[in-house]
Structure formats: C-alpha cells, structure tokens
Amino acid sequence: MTEDRVREEARAERAVRLGESPRNAREALRKSVWIGIWLVFLSSPVKDLASGRHTPAGTVAGAVGLAAFVAVYLAVVFRNMGRPLGRPVETRYVGALIAGLFVLAVVLCLTLGAHWTGLFVYVSVSCGAALPLRAAYWTIPLTGVAMVLTGWYLGEKDTGQLLLLVVLIGFAMTGVRQLVRTTIELRQARATVAQLAANEERLRLARDLHDLLGHSLSLITLKSELAGRMLPGHPDKAAQQVADIEQVSRQALVDVREAVTGYRRPRLSAELAGARVALTAAEVVAAVPAEPDLTGVPEESESALAWALREAVTNVVRHSGATRCTVDLVRRQTLDGAFLELSVEDNGSGAAGGPAKGPGNGLTGLTERLEKAGGRLEAGRVKHGFRLVARAPLARTGAVGSPA
C-alpha cells in the first residue's frame, strides 16, 4: 500500500496537526485564527472603551492594557498548546506570564469597571492550557474566586453566573490538553508499530532468503572448488560437477522467484484496511467490510481481487470526485460455480479509468488478471455514480454445485 501511504502522508502535510507546533507560516496562521476566535469575550471591554465614558487618558491606558493582556494570553496559549510531548513545562516562566495576566485583569477591572471581569475567563483558560495539572486544579477555582471578589467590590451582582463559565472553561482546557496528549501518543504509537512491522518484514525476508539460498550457494561453492581441482586430470568428472552446479543454481532461481512472488502478492485483508485509510484520508465516507472470511479462497483469486480493490480505490480517490464509497465482499453461487464477488461503488462523476474516455490501462490490466484467475470484471456507470464488480472463483475450474 505504498501509494496510499504516500497519499496519506501528503494529506497530513497539508493538515494542521493537533497538539503540535506549527511547521510553517500557513499552519501558524491557522492556529492563530483558531485561538483568536475565542477572543469573543473581549467584546464587552472593547465596547466599554468605545463608549466614551472614560477620559481620553483612561481610554488610551485601557487600550494599552488590553493589548498587553491579549499579547501575553496569546503567548501563553500559542506556546504551550503546541508543546511537543516529553518537553518539560517551563513552570516558572509560564507561571510568571499567568501571574501577569491575573494582575492585569484585576487592575483593569478595578480602574475601568465591571465590564472587564470577562478577562478572568482568559486567565482561567491560560491556567488550564499551560500550567501542570496539579497547579491548574487549584489555580482555576482561585481565578473564579478572585473574579467574584472583584465583581462584588465593584458592585456587580451577576458575577456568580460568570463564575460557572470561568471554572468550567478552565477545566475544559485541561481536558483538551489530555486529548492533545493522547492524540500525540497515538500518532507516535502508530508510527512505532509501523516501524516495528517493517523491521519484522525485513527480518523475515532476510531469514527466508538465508534459508532458500544458504544451502544452494554453499553447494555451488563446494562443487566449484571440486570442479577446479578436477579440471586438469579429470575433465569428465569436472563437467559432471559443472552440470550439478547448473542444476542447483536453476533450482535456487526457481525458489527465489517463488519467494518473491509470495512477497509481491497482495492480500485482500491488507487491501481492505488500506482502502479504508485511503478513502478516509481523501474525505470520502467509506463503508468497508471488516476482516473477510477467506476460507477456501485460492491464492490466485485473492490476489486478483486484491489488485482489483487497489485499482478501484485509487480511481475513486484520484478521478471520481466522490464523497461516498461502498465496498462489498460476498460469496455467490452461479451456474459457472462458486465465486467471491467484490463490488466498489461510489457516487462520483469521474471516469473509473481516469480522465480520458474509455477503459484505462488499469481496468484493462485487471480484466486480464481476473480472466487468468478464471474470473471476470464488470465496470460502468450506475444511476448515481460508478460501480466496479470483480468476481474470482472459489475453486479451480469449479463445477456447478461447488461449495460457496
């Protein structure tokens, strides 16, 4: 599934990775926009500044204080929401910034009025997003208490309602942090599993090649040495050794070809899993069956259907423009025998063979491959998209009544 993997990696390069630092200016801009949306609670302080009820000096001081507050808040959240896993939190530095936010919130509220109590929401968010969890669990309620006391001092009676918001949104940010951490751990675990699987496959290949070629190459070396020693005085015996060398090398070549064929043969279960990943990565709603029951399915039939699935899914992703794709795998009993039927149907408008008219090289190759395995291929437009049906026999030259 190299092609699907490349497509998935390319898509990941274009996406903003949750919980990771921006890799370029575009990701930094997207992350800034996502964080900036939550500045909606600053509407009340901004309206208060624009109301004209403060002196010019007070308005300018309030604007400067608000700008400083927003800058510090963005620095705290932007820096720590993308902190790589395993990198320690700079507690003193972050604590100093959040303490500065707290002081600015209190000062701006006491000097400019109760309209500024919404700033405590951002203090709570900063505590939940940047501080260690143990510290966040007590600083978030403390921020709420400070807001209530400040509101009471200013004669604001509705701070109790805002208190619930301050506490809940702060603890919600701790949940977001845990989600981000889990997402990063899962991504790293998946990469580790893929690497281990690749290493295991390399070891298996090395082990199989050693088992296949070790004895043959040792025998060829031994017989070559014997032939070299026999050449001067016993050319007929040397010729026999050379003939043996030829026979052993031919058998070794056959063994290697069979081994390589086994490695190159796609498996239907692996192709189904890869199809699910490829369709999801292309934002196509996928209905793909789980682990199939391949009992009694010949290797040639499984391989042909696996190639058909790979080609069909590739066409759906590349050419169809579909938003939904359904993959079905069923056993059917026909007059010609028992068949395993694979169908791939999408709701796209593109041609299955590609942008050009007529069947593409992929479908032509699939037809030939299925016919060689005793199956057949049907592909064409349906009412709301395109449908490909591939059938492969469940038995060699199956007669009527073969078991399904």
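Which residues have the most contacts inside the largest nonpolar core? Please note at the outset that the model is predicted.

**First stop: the largest core.** Select L66, F69, I98, W116, L119, F120 and L131, the residues with the most contacts inside this core of 37 residues. Then colour the helices α4, α5 (91–112), α6, α7 (133–153) and α8 (159–230), each of which supplies at least two residues of the core.

**Second stop: L119.** Select L119 and display its surroundings. Leaving aside residues up to four places away in sequence, L119 touches L42, P45, L66, F69, A105 and L108.

**Third stop: an aromatic pair.** Aromatic rings come next. A pair of such rings is described by the distance of the centres and the angle of the planes. The model has four aromatic pairs. Select Y73 and Y122: their ring centres are 5.0 Å apart and their planes stand at 75°, so the pair is edge-to-face, since an angle over 60 degrees is counted in that way. Y73 belongs to helix α4 (residues 56–81) and Y122 to helix α6 (residues 119–130), so the pair ties together parts that are 49 residues apart in sequence. Are these two residues buried or exposed? Y73 has 3% relative accessibility and counts as buried; Y122, at 2%, also counts as buried.

Move to A338, L363, L366 and A390, which are among the 33 residues of a second, separate core.

**Last stop: a charge over a ring.** Finally, select R376 and F339. The charged end of R376 sits over the ring of F339, 5.1 Å from the ring's centre.

How values were computed
Residues are numbered from 1 along each chain as its sequence is written. This is a predicted model: local features need pLDDT of at least 70, side-chain atom pairs count only at pLDDT 80 or more; totals for chains, interfaces and linings use all residues. Side-chain values use heavy atoms; hydrogens and water are left out. Rings of Phe, Tyr and Trp (its six-membered ring) pair if their centres lie within 6.5 Å; planes under 30 degrees apart count as stacked, over 60 as edge-to-face and the rest as tilted. Helices (H or I, at least four residues) and strands (E, at least two) are DSSP runs, numbered from the N terminus. Buried means under 20% relative accessible area, exposed over 50%, partly exposed in between (1.4 Å probe, protein chains only). A charge sits over a ring if NZ of Lys or CZ of Arg is within 6 Å of the ring centre and within 35 degrees of the ring normal. A nonpolar core is a set of buried Ala, Val, Leu, Ile, Met, Phe, Trp, Tyr and Cys residues joined through side-chain atoms within 4.5 Å. Contact means heavy atoms within 4.5 Å.
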